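Visitor: Please walk me through how the chains of this model meet.
Guide: Gladly; here is the model.

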Protein chains: 2
Amino acid sequence: MSALEYSPYAAACPSRQLLDRIGDRWSVLTIGTLADGPARYSAIAARVQGVSQKMLTQTLRALERDGLVTRTVFPEIPPHVEYELTDRGRSLREVLKPLEDWATSHMDDVAISRDEYDAR
Amino acid sequence: MSALEYSPYAAACPSRQLLDRIGDRWSVLTIGTLADGPARYSAIAARVQGVSQKMLTQTLRALERDGLVTRTVFPEIPPHVEYELTDRGRSLREVLKPLEDWATSHMDDVAISRDEYDAR
């Protein structure tokens, strides 16, 4: 199937599920954290506040499976593991950053709209 | 709170929930549909294949509440309702379109990575 044939508007198209994955809050924030460079699990967990261990593990595994993140084990004593964005992960970050920025820069306006809507 | 103080990396920040909202598949596809111009409910439901009536109604209401979509009732016989992006909704579409395009253009590569991962 060529890229032109994928459409997330079609219920059964796999790109719809991929869109879910990449729009997911934990994916966005994990990729955002790794945009600053490779990081250990504990550093990611500290940056993405409130993420559960189960959810972060699932998210990292899914990102690795999708070829967005690499997981490298350093055979030191004690061994440690680092996660890093792949080139594909970095290309995704380029489109997620504007989304993240949109959310923070429009939060005030959205809050005002919500108050107005609720006061109707 | 100024935009600089919002951070979706903070668990309690409202921008995290907003990020969820705008990254949600139904929001992305509904806004994508309205990018082509104002549309009736039935036209949106036809374009966003597989969306349930309940989910589309919830999505449109949330987008309206966030000031991203307007809902206009035309007092004809029979009356009809049109949904349209606001300026804010159009600014959001500008950052969602690259995300949608990323999903379709990288779907093949992601599928290959998944097969490789699963074959390990």
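Guide: First, a definition: a salt bridge is a side-chain nitrogen of Lys or Arg within 4 Å of a carboxyl oxygen of Asp or Glu. This is a predicted model, where local features need pLDDT of at least 70, side-chain atom pairs count only at pLDDT 80 or more, and totals for chains, interfaces and linings use all residues. Residues are numbered from 1 along each chain as its sequence is written, chains are lettered from A and ligands numbered from 1 in the order in which they are written, and side-chain values use heavy atoms, without hydrogens and water.

Visitor: How many salt bridges does a search of the whole structure find over all chains?
Guide: Side chains of opposite charge can pair when their charged atoms come close. Across the interface of chain B and chain A, the rule finds eight salt bridges. Over all chains, the count is 16.

Visitor: What area is buried between chain B and chain A?
Guide: Contact means heavy atoms within 4.5 Å. In these terms, 58 residues of chain B touch 58 residues of chain A. Buried area is the accessible area (1.4 Å probe) that two parts lose on being put together, summed over both. Carbon and sulfur atoms give 60% of a total of about 5400 Å².

Visitor: B:Arg120 forms a salt bridge with A:Glu64. How far apart are the closest N and O atoms?
Guide: The pair crosses between chains, from the segment after α5 of chain B to helix α4 (residues 53-65) of chain A; helices are DSSP runs (H or I, at least four residues) and strands likewise (E, at least two), numbered from the N terminus. B:Arg120 is exposed, at 70% relative accessible area, while A:Glu64 is buried, at 14%; buried means under 20%, exposed over 50%, partly exposed in between (1.4 Å probe, protein chains only). The closest N and O atoms of this pair are 3.3 Å apart.

Visitor: B:Arg114 forms a salt bridge with which residue?
Guide: B:Arg114 lies in helix α5 of chain B, and its partner sits in the loop between α4 and β2 (69-74) of chain A, so the pair joins two chains. Both residues are buried. The closest N and O atoms are 2.6 Å apart, and the partner is A:Asp66.
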